[in-house]
Amino acid sequence: MDGEIKLGSQHYKNRAKKRKRNRFLQNAKSFGRKGNFGRGAELDKQQYTYLVGILETMTKQEDAEERLLMANNVLAQLEGKEIRTASNQLGSRVLENLLTYTDEETFARQMTVFGDNFRVVCCDSFASHVLQRMLYVALLRAVAPLQEEPQDDGEPVGPKKQKVSNERGEQNMWPSYEYNLKESYGDEHRRQCREFVERLAKFALNNLEEFLWSCTANYVVRQCILNLSGLAEMKVTKVGGSADDSGTAKYLIVPEPWSKLLRDFNVRLMTWPQFANLPHSELSSVVLQILLQALARPGNEFQLQQLCDKLHREAFTKKNDVKKEEPESDSDAEKKPSRLPTIFHQDVAIRLLEVCIAVAPEGFLKEQLFPELFSGHLTELALSRSCNFAVQKLLDHATDKETVEAIFAELEDSFGEILRCGHSGVLLALAKACARLSCQQGKFVKQLLDALRCAEVGPDKMLTAVLHLVPTDVTPREAPKVHLHGSLILQTVLEFNKPIKFVTALLELANDRLAAILSDPRGSFIANAYLGSRFVGEKSREKMVRHLEGQYSQLVLTAHGSRVVELMFEAGNPAQRESIVRELSEQCAQLNGKPWGVSINKRLLVDTYKRDPARWKVAIKSDAKVERMFDKLVGAGKRRAS
């Protein structure tokens, strides 16, 4: 456990990427030894061995200048063989990564070669990935001068705020985003990149009827749409997945002619003779998802409204050819036939509806989508394995009290059933909507506690039921852990206008039991919600700091508990802060044996207190003054973010 934590918060994510890369490399070597030189286009042994060596070197290379030198040298060696190399699985992986760090001349040559072979490359299983990467790199190089500084300021541009992620899809070993936006390129090269993006977009548009149904070319079409909208994403959505699954998007400023090309894609798809069938096919549904997301930015409001209206009129509310839902389990098979609208009978169509909910104008969501698709069906949808996510998306994007109150009225008697189905995300989304719009908060708490049968029990049992989302009269086979949604629901309830019931329960809970909850990776964030809520009073915060006295020495021994210790130290008054440090000073040896303990020791000056408490008081005051001065200069929020 200790060794894992030392590797950092991104350890598991980075380890998974590294294992995936190493596995690909090991498989490539194994195939070479067997005389099988990769899937796709066959390479000779010498070239295959050369590419294996390049890939192995790339996994170890981190210096940008050395990457640039390697990329240019390798592509010079492959001159005249680019298309055949890209059509091989190993060659595709190598070229895809090298393109990011090529110089102007080399990249221009690659654009010319691939531009002259668009149709062949688009329809190839491996070369199409190289073309996608080339389009992405060309986008970044073409629009970099148009961007405002700083590039990654964290402020989204779209009409509905979304989290910004510069690294979405950057799963290759040499990421593109930062390097290509910040590197200096000549005006001529940027013009060539811009023309390449436009040329391929027009080619994809002219061949849309063919490319839409090709598994490989479909990805290129989606990348073109992303580019034209300025969506800085490399890995476009997989077939059958939702383009809005992650909720992250970064819009770049793009040239004005690109907006017209994007509108041409929209018009072409809306005038499709079989438009009503597009949401029900995996390939076409994902293109529509990408298009909706691309249109969700200022300047495209009319086009977005047109597409949403047409989808709603011709696909979402279509009455004919209603398919019966497949039973989700044996018990579901005995239920009455579903009377849901057609859109809810197919997973790919539901994913499209979710994206439409996320980007649709507020009036359209309130006046058309909700009353015509969801109203009267919410309980059945919330209990459905495939449809409950659409209900969550609806709650996440509802902006008026009337809609949330109508949803609550339909769901309030079904909390128990929803929990038994395991669809606790619906209740979490409902709680967040109640907190965001300040409505139905008291009723939500009552219905939740009634569903868990813990309204009249002690604080320990009540909090346990909420955190585990298990009713008090149910005995699980194994000791339950803190449920992610249970912890998030409790955190959200603490943001309600009157969270007194849960504040009192937390303060009445035995401090060793509370410390155990706050040491849990999921439970520790309850401390953030408790101390950060506007509706938890100052006295209640101080009571919490006092309540945990005697447990700080245990909390600090875990990674998440140590973070809680620091939060409590910040929230406490001077006497409580000294009491916390006094308790920690008794654990100095153990404290310095943990990486997070060393950080706490340095931050709270625990060693200084152990040697001389009087000196500690002076030092901690001086440190606080410096911190306040720094906050005034750069802003507390910016300092925390950095």
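Colleague: Is Asp460 buried, exposed or partly exposed?

Modeller: Start with the cut-offs: buried is under 20% relative accessible area, exposed is over 50%, and partly exposed falls in between, using a 1.4 Å probe and protein chains only. With a relative accessible area of 36%, Asp460 is partly exposed. Bear in mind that this is a predicted model, where local features need pLDDT of at least 70, side-chain atom pairs count only at pLDDT 80 or more, and totals for chains, interfaces and linings use all residues. Residues are numbered from 1 along each chain as its sequence is written, and side-chain values use heavy atoms, with hydrogens and water left out.

Colleague: Which side chain does Asp460 meet in a salt bridge?

Modeller: The general idea is a side-chain nitrogen of Lys or Arg within 4 Å of a carboxyl oxygen of Asp or Glu. Here the partner of Asp460 is Arg513, at 3.4 Å, N to O. Asp460 sits in helix H26 (residues 459-468) and Arg513 in helix H29 (residues 511-518), so this pair ties together parts 53 residues apart in sequence. Arg513 is partly exposed too, at 26% relative accessibility.

Colleague: How should I read those helix labels, and which helix holds both Glu178 and Lys182?

Modeller: Helices (H or I, at least four residues) are DSSP runs, numbered from the N terminus. Glu178 and Lys182 both belong to helix H10 (residues 177-182), four residues apart, which is about one turn of the helix. Their side chains form a salt bridge at 3.1 Å, N to O. Glu178 is partly exposed, with a relative accessible area of 32%, whereas Lys182 counts as exposed at 58%.

Colleague: What span does helix H34 reach from its first C-alpha to its last?

Modeller: The expected span of a helix is 1.5 Å times one less than its number of residues. H34 (residues 574-585) has twelve residues and reaches 16 Å, close to the 16 Å expected.

Colleague: Which residues of H34 are buried?

Modeller: Among them are Gln576, Ile580, Val581 and Leu584, and Glu578 is on the list as well. Glu578 has a relative accessible area of 15%, and its side chain meets that of Arg582 in a salt bridge at 3.9 Å, N to O. The two are four residues apart in H34, about one helical turn. Arg582, at 39%, is partly exposed.

Colleague: Which residues do salt bridges with shared partners join into one network?

Modeller: Look at Glu188, Arg191 and Glu195, which are linked in this way.

Colleague: And how many salt bridges does the structure hold?

Modeller: There are 21.
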